[in-house]
Amino acid sequence: MTVLQAVLLGLIQGITEFLPVSSSGHLSIFQNFFGMTGGMRFDALLHLGTLLGIYTAYRRDIREMLLDCTAFFRRGSHPEPDGIPRFRSARLLVLILTAALPLLLVLPIRRYIGQLFNSTVFVGLALILTGTMLYVSDRMARGRKSAGTMRMTDALLVGLCQAVATVPGLSSFGTAITAGMACGLERAFAVKFAFLISIPAVLGANLLALFDVIGADADWSLLPACLLGTLTAAVAGYFSSFLLRYLVHRGRFGGFACYCAFAGCATLVLSFVL
């Protein structure tokens, strides 16, 4: 893997990580068709870079959530005039952790899921499915649930769908959005919640990759390229966060649905032609 390839993959990862188009699917397409093999550990580093970029953009919101949660456990919850408890950020954090629980089911089979990364046919079909889900989500009835009214069972269902979407080509972000709206979440909150629950998922994947690196011989000659690719992913992720903010407010995905369907069909064609 050259430095140029690492930068290009970092750019792809940073732009697509928190958009409903499957960053893993795009990495699979480019690595398989153009021979840009960085390995699963490098892919995990790219995810970490994007996470750092997004944290930089949303550090105030994340800090407020953690402080609110600390205050909740110190002072307890008190009703507001509308009957919904105070410290909504603390409740939101509990919902996020609840949604992360189904990811534990993926751990025993994560190596088998990693093998799907090499199948561009599977990735193409998964991208078409992602586009279909986004198309359906645009036509769902508008929900009314927010952080104060969302149920724990809703969080578990969204988390379960996110766990299924760990396969390459199936957007975990888009899947979580569709599942959230199916549970009756308000459209903008469904987008925000899908983004927030992706943070522990990406962090967990990086911790597992770190353990893999510690337990195996690493090719240290690739370290400069890996670090540069990670930095590129961080910077691209930071700037793509502004597009994520736009998605939170607009909450419609017709363009992404068409793009995923086209990308999936093109991937299938190339898989049989090349």
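Me: Which residues of H12 are buried in this predicted model?
Reply: An α-helix has 3.6 residues a turn, so residues three or four places apart point the same way. The buried set in H12 is Phe256, Ala257, Cys260, Ala263, Gly264, Thr267, Leu268 and Ser271.

Me: Which exposed residues does the face of H12 turned away from its buried side carry?
Reply: Exposed means over 50% relative accessible area. On that face of H12, the residues that qualify are Gly255, Cys258, Phe262, Val269 and Val273.

Me: How far apart are the end C-alpha atoms of helix H12?
Reply: Helix H12 runs over residues 254–273, which is 20 residues. At 1.5 Å a residue, it should span 28 Å. The model agrees, with the end C-alpha atoms apart by 29 Å.

Me: Which helix gives the most to the nonpolar patch?
Reply: The patch lies on the surface and is formed by Val3, Leu228, Leu231, Val235, Phe239 and Phe242. Together they have about 550 Å² of accessible area. The top contributor, with 5 residues, is helix H11.

Me: Is Val235 buried, partly exposed or exposed?
Reply: Val235 lies in helix H11. Buried means under 20% and exposed over 50%. Val235 has a relative accessible area of 40%, so it is partly exposed.

Me: What is the phi of Ser22?
Reply: Most residues other than glycine have a negative phi. Ser22, in the loop between helix H1 and helix H2, is buried at 4% relative accessible area. Ser22 is not a glycine, yet its phi is positive, at about 70 degrees.

How values were computed:
Residues numbered from 1 in each chain as written. Predicted model: local features only at pLDDT ≥ 70, side-chain atom pairs only at ≥ 80, totals over all residues. Heavy atoms only, no water. Helix = DSSP H or I, 4+ residues; strand = E, 2+ residues; numbered from the N terminus. Expected span 1.5 Å × (residues − 1). Buried < 20%, exposed > 50% of the residue type's maximum accessible area, 1.4 Å probe, protein only. Patch = residues over 30% accessible without salt bridge, like charges linked within 9 Å, V, L, I, M, F, W, Y side chains within 5 Å. Areas by Shrake-Rupley, 256 points an atom, 1.4 Å probe, with all protein chains shown as cover. Salt bridge = Lys/Arg side-chain N within 4 Å of Asp/Glu carboxyl O.
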